[in-house]
Amino acid sequence: SPAGMALSVLVILLLSLLYEAVKMGKAVLLRQALLALPHGLSREPLVEPEEGDTAPTQGSPSLMAGGCPIFFRRWFWYHVGQTLFHVVQVVLGYMVMLAVMSYNAWIFLGAVAGSTLGYFV
(Lines give C-alpha, C1' and ligand atoms only; values in the text may rest on other atoms or scores of the structure.)
Protein backbone atom coordinates (compact mmCIF):
# COMPACT_ATOMS: atom_id res chain seq x y z
CA SER A 1 0.00 0.00 0.00
CA PRO A 2 1.19 3.58 -0.57
CA ALA A 3 0.85 4.49 3.11
CA GLY A 4 2.96 1.49 4.15
CA MET A 5 5.60 2.38 1.59
CA ALA A 6 5.70 6.00 2.76
CA LEU A 7 6.04 4.82 6.36
CA SER A 8 8.87 2.46 5.38
CA VAL A 9 10.73 5.24 3.58
CA LEU A 10 10.25 7.52 6.60
CA VAL A 11 11.59 4.86 8.99
CA ILE A 12 14.66 4.26 6.81
CA LEU A 13 15.20 8.02 6.54
CA LEU A 14 15.12 8.31 10.33
CA LEU A 15 17.43 5.31 10.79
CA SER A 16 19.94 6.84 8.37
CA LEU A 17 19.69 10.19 10.16
CA LEU A 18 20.24 8.46 13.50
CA TYR A 19 23.25 6.60 12.08
CA GLU A 20 24.90 9.88 11.14
CA ALA A 21 24.05 11.38 14.55
CA VAL A 22 25.64 8.42 16.34
CA LYS A 23 28.71 8.72 14.12
CA MET A 24 29.11 12.37 15.11
CA GLY A 25 28.47 11.58 18.78
CA LYS A 26 31.22 8.99 18.66
CA ALA A 27 33.64 11.56 17.24
CA VAL A 28 32.74 14.06 19.96
CA LEU A 29 33.25 11.42 22.64
CA LEU A 30 36.63 10.49 21.14
CA ARG A 31 37.71 14.14 21.32
CA GLN A 32 36.65 14.34 24.98
CA ALA A 33 38.50 11.11 25.75
CA LEU A 34 41.68 12.44 24.16
CA LEU A 35 41.37 15.70 26.10
CA ALA A 36 40.99 13.68 29.33
CA LEU A 37 44.44 12.14 28.88
CA PRO A 38 47.41 13.97 30.37
CA HIS A 39 49.58 15.81 27.86
CA GLY A 40 52.77 13.82 28.45
CA LEU A 41 51.17 10.39 28.60
CA SER A 42 52.82 9.10 25.45
CA ARG A 43 56.30 9.77 26.88
CA GLU A 44 55.72 8.58 30.46
CA PRO A 45 56.38 4.85 29.96
CA LEU A 46 59.54 5.58 27.94
CA VAL A 47 61.21 7.93 30.42
CA GLU A 48 63.05 6.35 33.33
CA PRO A 49 63.07 8.49 36.50
CA GLU A 50 66.44 9.98 37.40
CA GLU A 51 67.94 9.12 40.81
CA GLY A 52 67.63 12.66 42.16
CA ASP A 53 64.34 13.39 40.43
CA THR A 54 61.56 14.54 42.78
CA ALA A 55 58.81 14.86 40.17
CA PRO A 56 55.93 12.42 40.54
CA THR A 57 56.30 9.28 38.45
CA GLN A 58 53.64 7.12 36.90
CA GLY A 59 53.36 4.84 39.91
CA SER A 60 53.56 7.53 42.60
CA PRO A 61 50.70 7.96 45.09
CA SER A 62 50.03 11.52 43.89
CA LEU A 63 48.85 10.23 40.50
CA MET A 64 47.23 7.05 41.79
CA ALA A 65 43.80 6.52 43.31
CA GLY A 66 42.70 3.04 44.24
CA GLY A 67 45.55 1.33 42.43
CA CYS A 68 45.05 2.98 39.03
CA PRO A 69 45.94 6.37 37.69
CA ILE A 70 43.15 8.94 38.03
CA PHE A 71 43.16 9.70 34.31
CA PHE A 72 42.81 6.00 33.46
CA ARG A 73 39.40 5.70 35.13
CA ARG A 74 38.01 8.70 33.27
CA TRP A 75 39.48 7.43 29.99
CA PHE A 76 38.04 3.96 30.68
CA TRP A 77 34.50 5.32 30.97
CA TYR A 78 34.94 7.36 27.80
CA HIS A 79 36.09 4.17 26.09
CA VAL A 80 33.03 2.28 27.36
CA GLY A 81 30.85 5.06 25.93
CA GLN A 82 32.67 4.87 22.60
CA THR A 83 32.18 1.12 22.51
CA LEU A 84 28.44 1.47 23.07
CA PHE A 85 28.23 4.15 20.38
CA HIS A 86 30.11 1.82 18.02
CA VAL A 87 27.73 -1.08 18.66
CA VAL A 88 24.70 1.16 18.01
CA GLN A 89 26.37 2.52 14.86
CA VAL A 90 27.08 -0.97 13.49
CA VAL A 91 23.56 -2.21 14.22
CA LEU A 92 21.99 0.84 12.55
CA GLY A 93 24.33 0.51 9.58
CA TYR A 94 23.39 -3.13 9.04
CA MET A 95 19.69 -2.34 9.36
CA VAL A 96 19.92 0.40 6.72
CA MET A 97 22.03 -1.89 4.51
CA LEU A 98 19.44 -4.67 4.74
CA ALA A 99 16.69 -2.22 3.82
CA VAL A 100 18.65 -0.95 0.82
CA MET A 101 19.28 -4.56 -0.25
CA SER A 102 15.53 -4.87 -0.88
CA TYR A 103 16.38 -3.16 -4.20
CA ASN A 104 13.53 -0.71 -3.81
CA ALA A 105 14.36 2.70 -5.28
CA TRP A 106 12.23 4.59 -2.74
CA ILE A 107 13.91 2.86 0.19
CA PHE A 108 17.29 3.65 -1.34
CA LEU A 109 16.35 7.31 -1.78
CA GLY A 110 15.10 7.40 1.83
CA ALA A 111 18.46 6.08 3.04
CA VAL A 112 20.37 8.61 0.94
CA ALA A 113 18.13 11.48 2.09
CA GLY A 114 18.51 10.43 5.75
CA SER A 115 22.29 10.24 5.47
CA THR A 116 22.36 13.64 3.78
CA LEU A 117 20.16 15.24 6.43
CA GLY A 118 22.07 13.56 9.24
CA TYR A 119 25.39 14.81 7.94
CA PHE A 120 23.99 18.30 7.34
CA VAL A 121 22.53 18.57 10.85
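**Entry 1: Ser16.** I began with Ser16 and looked up its partners beyond the neighbours within four places in sequence: Val96, Gly110, Ala111, Gly114 and Ser115 are in contact with Ser16. Contact here means heavy atoms within 4.5 Å. Ser16 sits in helix α1; helices are DSSP runs of H or I with at least four residues, strands are runs of E with at least two, and both are numbered from the N terminus. Is Ser16 buried or exposed? I found it buried, because its relative accessible area is 1%. The cut-offs are under 20% for buried, over 50% for exposed, and partly exposed in between, with a 1.4 Å probe and protein chains only.

**Entry 2: ground rules.** I noted that this is a predicted model, where local features need pLDDT of at least 70, side-chain atom pairs count only at pLDDT 80 or more, and totals for chains, interfaces and linings use all residues. Residues are numbered from 1 along each chain as its sequence is written, and side-chain values use heavy atoms, with hydrogens and water left out.

**Entry 3: the whole protein.** I listed three helices and two strands, in the order α-β-β-α-α from the N terminus. Of the 121 residues, 20% are buried. Among contacts with a separation of 6 or more, 79% join residues 24 or more positions apart.

**Entry 4: the annotated stretch.** In UniProt, an unreviewed entry annotates residues 6–22 as "transmembrane region"; such annotations may be inferred rather than shown by experiment, and the positions follow the numbering used here, with feature names shortened. In the model I see this span as 100% helix and 0% strand, with its end C-alpha atoms 24 Å apart.

**Entry 5: the core.** Which residues make up the largest nonpolar core? I wrote down nine: Val9, Ile12, Leu15, Val22, Leu92, Val96, Ala99, Ile107 and Ala111. Helices α1 (2–36), α2 and α3 (105–120) each give two or more residues to this core, and α1 gives the largest share, four. Such a core is a set of buried Ala, Val, Leu, Ile, Met, Phe, Trp, Tyr and Cys residues joined through side-chain atoms within 4.5 Å. I also checked Ala99: leaving out residues up to four places away in sequence, Ala99 touches Ile12 and Ile107.

**Entry 6: Met97.** I finished with Met97, in helix α2 (residues 70–100). Met97 counts as partly exposed because its relative accessible area is 38%.
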